[in-house]
Amino acid sequence: MSYDFTTIVDRTGTGSEKWNAMKKLCPDVPAGTVPFSVADMEFLPPPQLVKGLQDYLGKAVYGYTCATDSYYDAIIRWMERRHAFTVQKEWIVQTAGVVPALNQMVEAFTEPEDSVLILTPVYHPFYSAIVGNGRGLVESPLVINGDTYDIDFADLEQKASRPEVKLMIFCSPHNPIGRVWSAEETERVCRICMENKVFLIADEIHSDLIMPGVLHTSAGVFKEYLSNCAICTAPSKTFNLAGFQASNIIIPNEEYRRKMPGSGGYFSLNFLSYKACEIVYNQCEDWLEELLEVIDGNRKAVEEFMKEQLPSVKVYRMQGTYLQWLDFGCLGLDTKELEAFMTRKAHLFLDEGYLFGEAGAGYERWNLACPRETLQEGLNRLAAAVRAEGF
Ligand SMILES: Cc1ncc(COP(=O)(O)O)c(C=O)c1O
């Protein structure tokens, strides 16, 4: 490895949302405990990014800033190179995060009497973007198939055909189950939406985080459906830039694009986040390749550990993201007991499965984007707590 994926950084007191949440939940958490919840990474940033930003800060004027041609070129080249998605500059709308964009799009693309379709269990801000904006929520539950989940296409088609359903938010790859949808599945979702006049928002924020041997297909490669689709992209998960709040929403359809507040230049990025996005897409691809090896190594470590030490915990196949979905139903605890066991007994700060919908009760989402040593300590704490409690 030429990059540092082993240094353990103590983020206490740095304003980290994840670390603060751990402290709030458990003020007497033992020193050195690293949380595995919120989806950012416990890794130092790519050195090219640090150097690039330092150079930029040393010579720039910090005035009102907008996107430059080199910023657009960096995104366009990245999408073409990594995703075979040919993007036109005019299609790109900058927003201060994908979650704000989801909220803006739900509000802008639907009317109060409309409903929005999602595949569940799913990333919890999808629910709040819909319900919080006063729209109806229609769920098409994913179905468990061995160590993964599938889309119930008959159910999806039936729900997409309901007259009140005007929008679908598709998580691709899917958080929290770690599923990477195949080209056929993605094409089918695009087609069902088009045929039923349901506008599709494909949240592809995790699409750069694909495990070796797995292929992600962007909804953007299917040209025939492009006018019915918005594709959410960001460098934030890929390069751990969440604090920069930079995302690029690709909306080929001008009519829809014009409805976005970002298209008027307001709600766009700030002076530093433009540059950070440009630097990572242009200069940090080899850092990403190493990161993927580290994540895949962590994924295998969890699988092996569970097989040997806790075989009744069901490990779902993580094809993409760095979020491992685990079924702890074997412990026989209700959701509150499971949460208390994890935090109080195992000192493990994971994301509770029920946050992602009812079907997530009894599950945990474990963020694997951390040094192996940190992960191993967490796994050991889990096994020791399970033994101590006599499960
Ligand atoms: C599917 C998905 N969309 C969006 C986000 C957050 O996006 P942002 O930080 O750009 O608002 C996350 C973060 O975990 C996510 O998993």
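Leu142 sits in the loop between β3 and β4 (143-145); helices (H or I, at least four residues) and strands (E, at least two) are DSSP runs numbered from the N terminus. This is a predicted model: local features need pLDDT of at least 70, side-chain atom pairs count only at pLDDT 80 or more, and totals for chains, interfaces and linings use all residues. Residues are numbered from 1 along each chain as its sequence is written, and side-chain values use heavy atoms, with hydrogens and water left out.

**Around Leu142**
- Leu142 counts as buried because its relative accessibility is 8%; buried means under 20% relative accessible area, exposed over 50%, and partly exposed in between (1.4 Å probe, protein chains only).
- Beyond its neighbours within four places in sequence, Leu142 contacts Leu119, Thr120, Pro121, Tyr149, Asp150, Ile151, His174, Ile177 and Trp181; contact means heavy atoms within 4.5 Å.

**Sheet**
- Seven strands form an open sheet in the order β1-β9-β8-β7-β6-β2-β3, and the pairing is mixed; two strands pair if DSSP finds at least two bridges between them.
- β1 (92-95) and β3 (136-141) are the edge strands, each pairing on one side only.
- From one strand to the next, the twist averages 25°; axes are lines fitted to C-alpha atoms, for helices over the stretch in contact, and angles run from 0 to 180 degrees between N-to-C directions.
- Strands of a sheet pair through backbone hydrogen bonds, either parallel or antiparallel.
- β7 (residues 199-203) and β8 (residues 229-233) run parallel, joined by four bridges.
- Ile201 has Ala230 as its bridge partner in β8.
- β1 pairs with β9 (residues 247-250) in the antiparallel sense, over four bridges.
- Gln94 has Asn248 as its bridge partner in β9.
- Ile92 and Gln94 point one way from β1, Val93 and Thr95 point the other way, and all are buried.
- Helix α6 (residues 153-160) lies across β2 (115-120), β3 and β6 (165-171), and runs at about 160° to β3.

**Ligand site**
- The residues around the ligand include Tyr123, Cys171, Asp203 and Ile205; the cut-off is a residue heavy atom within 4 Å.
- Helix α4 (residues 98-109) supplies the largest share of this shell, three residues.
- A side-chain N or O atom of Asn175 lies 2.7 Å from an oxygen atom of the ligand.
- For His206, a polar side-chain atom is 2.7 Å from a ligand oxygen atom.
- The side chain of Lys237 places an N or O atom 2.9 Å from an oxygen atom of the ligand.
- The protein buries 89% of the 400 Å² that the ligand exposes when taken alone; areas come from the Shrake-Rupley method with a 1.4 Å probe.

**Backbone exceptions**
- Most residues other than glycine have a negative phi, and most peptide bonds are trans.
- Ser172 and Pro173 are joined by a cis peptide bond, with omega about -5°.
- A cis peptide bond also joins Asn175 and Pro176, where omega is about 20°.
- Pro173 lies in the loop between β6 and α7 (183-195), and Pro176 is placed in the loop between β6 and α7.
- Asn240 has a positive phi, near 60°, and counts as partly exposed because its relative accessibility is 22%.
- Thr321 has a positive phi of about 70°, and is buried at a relative accessible area of 1%.

Notes. Polar contact = N/O pair within 3.5 Å; in protein donor to acceptor, adjacent residues only side chain to side chain.
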